[in-house]
Amino acid sequence: MQTQTMAFQAEVAQLLKLVTHSLYSNPEIFLRELISNASDACDKLRFEALNDAALYENDTELQVRVSFDKTAKTLTISDNGIGLSQQEAIDNLGTIAKSGTREFMSKLSGDQKNDAQLIGQFGVGFYSGFIVADRITVESRRAGLPAEQGVRWASAGTGEFEVADIVREGRGTSITLHLKDDAHDYLNAWKLKGIINKYSDHISLPILMPKEVWKEGENDQPGEMVVTGDWETVNQAAALWTRAKKDITQEQYDEFYKQISYDSQPPLATTHNRVEGSTEYTQLLFIPGKAPMDLFNRDKAAGVKLYVKRVFIMDEAQALLPTYLRFVKGVVDSADLPLNVSRELLQESRAVKAIREGCTKRVLSMIEDLAANDAEKFGTFYAEFGAVLKEGLGEDFANRDRLAKLLRFVSSTTDTVSVSFAEYKARMKEGQTAIYYITADTLAAAKSSPQLEIFRKKGIEVLLMADRVDEWALNYLQEFDGTPLQSVAKGAVDLGQLQDEGEKKALEEAQTRFKPVLDRLKEALKDKAADVRATTRLVDSPACLVVQDGDMSTQLARMLKQAGQAVPEVKPVLEVNAQHPLVRKLETSDNFDDLAQILFDQALLAEGGMPEDPAAYVRRVNQLLEKA
Ligand code: ADP
């Protein structure tokens with residue numbers, strides 16, 4: 001192949017423009033990105049070589065070399081990793097496969113600090129070289145291919161790039177940056193070492209630089225640094241998690257977290273442990289301070305990377321944590337798994353089961369620790385991840401009690417998401433035997449729900465729940481610490497000892513005296529309501545809907561229907577307030593049926609539902625208004 005000139009995919013060209021024009025505030029990150037790519041290339045080689053050791057070509061010491069040429073004004077980053085074939089160079093360096101790129105571009109805010117953080121997140125790492133270079137040359141050969149099938153790729157970072165065949169003995173990739181005039185300060189070993197220490201210390205491969213020594217000047221000439229021809233390792237070259245805890249600073253943990261998570265903020269909590277015993281592994285796990293946009297996608301893989309004996313095996317190893325902890329980031333390095341472990345095998349492995357249990361416990365301890373010792377961080381955590389944590393009630397029976405203790409709610413007497421079940425219990429009224437809660441589409445709807453009226457009147461606190469997951473999750477939690485949980489929208493209210501004799505009597509009376517009206521209502525609403533009964537739960541409202549114990553709530557049914565799922569038709573019970581003037585009117589009304597329909601539809605509206613026939617509802621109400 002002769003030299004061919006090709007155009008960048010339109011997205012790349014656009015991206016390059018943005019990279020070079022808006023990301024100069026923190027230009028040094030280019031080195032981190034290129035070293036990280038080199039390290040990935042070595043990981044890929046190691047992984048492919050598990051099945052084909054010949055790929056090593058007798059060169060098993062994987063490493064990254066960083067060197068510069070002061071005269072030519074170039075900086076070169078080389079690796080002996082997997083390398084690129086000619087086609088791969090064209091595909092991987094000329095197009096952006098990831099659909100995330102468009103998203104990346106839409107997110108560029110013009111705030112350079114933010115934008116620089118986004119670069120790694122969307123995999124535009126390689127192109128960050130153009131922040132400091134006006135020309136980049138890549139020479140590469142893929143492991144296993146003959147020397148004649150090397151490739152040279154070059155571009156000035158504008159609309160096009162060139163590719164040509166070359167002969168290249170060494171496997172792997174060398175990336176040479178022709179530095180811009182204002183980037184010549186990178187031609188300095190001391191500066192480069194500083195950047196490597198800052199960003200790339202934890203890279204488990206050795207990063208080498210030419211060794212320099214100080215040569216004294218002669219005859220009063222100043223001395224200078226001269227290159228000896230040897231190479232020296234300039235990073236720790238030990239994966240962060242393999243180092244002793246006492247030798248790692250929080251800053252190093254934070255930096256590591258930022259690199260694996262692409263988050264610009266430090267994590268809320270960090271845990272790092274070597275677990276010994278029947279299954280041996282190291283865990284380094286982080287709780288982020290912010291939820292990703294796709295947090296509620298349960299298919300999204302967890303952010304935990306799996307290593308086996310320090311060899312990278314896979315990203316997003318789902319089997320290592322339960323789905324409800326999918327927001328956790330980090331690394332698990334196991335000594336007990338085979339190197340060729342597959343995702344399928346992971347699901348079945350006993351060692352993985354033990355690791356998963358261990359990691360789950362650790363994460364829960366981290367959260368408990370925040371709850372006990374750092375109210376502000378716990379508040380942040382809960383606002384971001386509280387709703388996913390609740391999924392655990394239905395998913396992780398073994399830890400259900402621990403999870404229940406971590407949950408916080410708004411209640412009818414507080415405005416912040418702060419009430420735990422334990423706190424609620426401590427404030428229960430004398431004679432109160434259940435933890436009362438209500439679920440609704442929104443907190444506002446929950447708060448103004450007619451079902452709360454009697455509770456408010458009696459000063460009984462009710463937990464308000466409006467997360468989509470609440471209804472489902474609460475199904476799995478029948479009690480807390482011996483006290484049953486009771487939805488105030490399910491079944492008849494039985495306030496037990498909280499109800500005084502007078503109220504009980506009034507209810508009985510209402511049921512008997514009102515029976516004829518209730519029977520007529522039942523008949524009029526037989527298609528819509530499973531039953532009609534008098535209630536004491538209402539104070540100001542004429543009627544409300546409740547479902548029978550064990551039935552799905554109307555909100556959940558509505559939610560599932562909207563999601564396109566088949567839901568069994570559940571008819572609610574209409575409860576009426578016999579004291580209410582509107583209900584009283586029924587006894588003497590000459591358009592009973594219309595009034596009955598209005599009563600039902602209003603109860604439905606009050607809980608966020610929609611009358612079956614809204615137009616008919618409006619017509620009936622208007623007729624009444626005309627008469628009034
Ligand atoms: P990302 O690394 O997020 O995929 P980059 O733009 O940094 O995005 O790199 C694009 C692709 O180019 C990589 O996915 C990889 O296939 C290839 N690549 C980059 N650097 C190297 C390298 N040093 N060795 C082999 N392949 C590389």
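Helices (H or I, at least four residues) and strands (E, at least two) are DSSP runs, numbered from the N terminus. The model is predicted, so that local features need pLDDT of at least 70 and side-chain atom pairs count only at pLDDT 80 or more, while totals for chains, interfaces and linings use all residues. Residues are numbered from 1 along each chain as its sequence is written, and side-chain values use heavy atoms, with hydrogens and water left out.

**View 1. The domains of the protein.** The assignment, whose bounds come from an automatic or database source, gives domain 1 (3-236), domain 2 (241-382), domain 3 (408-497) and domain 4 (499-627). Between the C-alpha centres of domain 2 and domain 4 the distance is 51 Å.

**View 2. The second largest pocket, with about 510 Å³ of space.** A pocket is an open set of points on a 1 Å grid over the protein atoms alone, with protein on both sides within 12 Å along at least five of seven lines, whereas a cavity is a set where a 1.4 Å probe fits but cannot get out; lining residues have an atom within 4 Å of a point. Grid points are joined across faces, edges and corners, and a volume is the space filled by probe spheres set on the points. Of the 22 lining residues of this pocket, Thr554, Lys561, Glu569, Val570 and Leu604 are the closest to its centre. Helix 18 and helix 20 each supply at least two residues of the lining, and the largest share, five residues, comes from helix 18.

**View 3. The largest cavity, with about 110 Å³ of space.** Among the 15 residues that line this cavity, Thr439, Gln451, Ala489, Gln555 and Glu607 are the closest to its centre. At least two lining residues come from each of strand 17 (435-439), helix 13 (443-447), strand 22 (543-546) and helix 18 (554-562), and domain 3 (408-497) and domain 4 (499-627) each contribute at least three.

**View 4. The crossing of helix 20 (residues 592-606) and helix 21 (residues 614-627).** The axes, which are lines fitted to C-alpha atoms over the stretch in contact, with angles running from 0 to 180 degrees between N-to-C directions, come within 10 Å and cross at roughly 120°. Helix 20 is therefore oblique to helix 21, a class left after angles under 35 degrees (roughly parallel), over 145 (roughly antiparallel) and 65 to 115 (roughly perpendicular).
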